[in-house]
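Hi,

Have a look when you get a minute.

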Amino acid sequence: MKVLVVGGGGREHAIVRKLKESRGVTKLYCAPGNGGIAMDAECVNIAATDIDAMVRFAEQEKIDYVVVAPDDPLAMGMVDALSAAGIPAFGPNKAAARIEASKAFSKDLMKRYHIPTAAYEVFDDADKAKAYVKEKNRYPVVIKADGLALGKGVLICETEEAAMNAINSMMCEGAFGASGSRVVIEEFLTGPEVSVLSFTDGKTVVPMISSMDHKRALDGDKGLNTGGMGTIAPNPYYTPEVAKVCMETIFRPTVEAMAAEGCPFKGCLYFGLMLTPDGPKVIEYNCRFGDPETQVVLPLLESDLLAVMQAVTNGTLADCEVKFSDKSAACVILASGGYPEAYEKGKAIAGLASGQPENGGAVVYHAGTKQEPDGALVTAGGRVLGVTALAPSLKEAIDAAYIAAENITFEGAHMRRDIGARALAAKEGKEG
């Protein structure tokens, strides 16, 4: 089969490398891809959001299957357009992608179907939003842009002043464009966070290995929110008992709710969870594989990814075996100096051979790299590389990822030094 992966980041590189292992794949394309992905698939210079050009390319090249990985093209209806052209694709259609594209839609869905989440209100009017925050007078308070905002549309405000600034920034100054013209204001939940990606064909839901993301830019969960500075899997807080509760109160009810609403969800449904003192609650849904969670979850998948994806598309997931390794995985992100704010591009990357670590022991997923005409790799994004290692224990996986990451250099590179530290402490606490 000829397979096309849409997107050009670390998540897409992880998908490409796992699809390369699939028996049914004879030719692999990625659009637009990046410098590292080009070493594993044929990159095509089409923007991930250019639906017409993507469908045209798929038709011309007689692509058998398309994996639409990023949120924007899903929310814009790329799967709908491919389906209309008779090309099977992995990912939700436009109606189902609203579960991420509109936080108001997802919160209202949870309220209607009694799926546990934070208490909230939705506002289209900035003055009413401010009045509500002042009236509640409970901090921290969470303020979210309703639409897609590159993972940066969620602000945790510790004071009234910070909350007023957040509302002004989103609703009056247009910090996130149209995405912030409507906001969701919700209570601040506490407890360990867990990410659970799941395969679902609209009827059956199969959770993948749990993971833990590290969103803040600096050690000790300090600094600005980023797209993610590293991940580990599995998440030690996500016990078999917690998994059972999540399946009964969150996973299955969500899939059933989407079907009942007339927009069954087919694809990868991401559950961002908080394990609160009152039990697991949904912080957010994503309509696609998480980034960088995918970089630790997919390497642990032992089943054929293409076969699982086709079962999702065909509605036969209940008959498909989805098996994961019992190893642990850790991913450390190497980021450009200044990220998540302004950063420079074009810095030469040293310590890689054919895009991978020279000494082995880890895999590098390219998030923001570009190949120069002479073949040299340079930085081309905020998050540049994800260095992932697998091992029998979490500590061994973390150590191996850091050893590999230390040997890769570029000017201004920075990484968090505590990826997985909280998970290790939790693990030791449980075992102790």
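There are 22 salt bridges in the structure, a salt bridge being a side-chain nitrogen of Lys or Arg within 4 Å of a carboxyl oxygen of Asp or Glu. Before the details: this is a predicted model, where local features need pLDDT of at least 70 and side-chain atom pairs pLDDT 80 or more, while totals for chains, interfaces and linings use all residues. Residues are numbered from 1 along each chain as its sequence is written, and side-chain values use heavy atoms, with hydrogens and water left out.

- Lys 20 and Asp 40 form a salt bridge at 2.8 Å, N to O. Lys 20 is in helix α1 (residues 10-20) and Asp 40 is in the loop between β2 (27-32) and β3 (42-43), so the pair ties together parts 20 residues apart in sequence. (Helices, H or I, at least four residues, and strands, E, at least two, are DSSP runs numbered from the N terminus.)
- Asp 71 pairs with Arg 288 at 3.6 Å, N to O. This pair links helix α3 (residues 71-76) to the loop between β17 (279-286) and α10 (294-297), 217 residues apart. Both Asp 71 and Arg 288 are buried (under 20% relative accessible area; exposed is over 50%, partly exposed in between, 1.4 Å probe, protein chains only).
- Asp 221 meets Arg 416 at 3.1 Å, N to O. The two sit in loops, so the pair ties together parts 195 residues apart in sequence. Salt bridges with shared partners join Asp 221, Arg 416, Asp 418 and Arg 422 into one network. Asp 221 is partly exposed at 33% relative accessibility, whereas Arg 416 is buried at 1%.

Cheers
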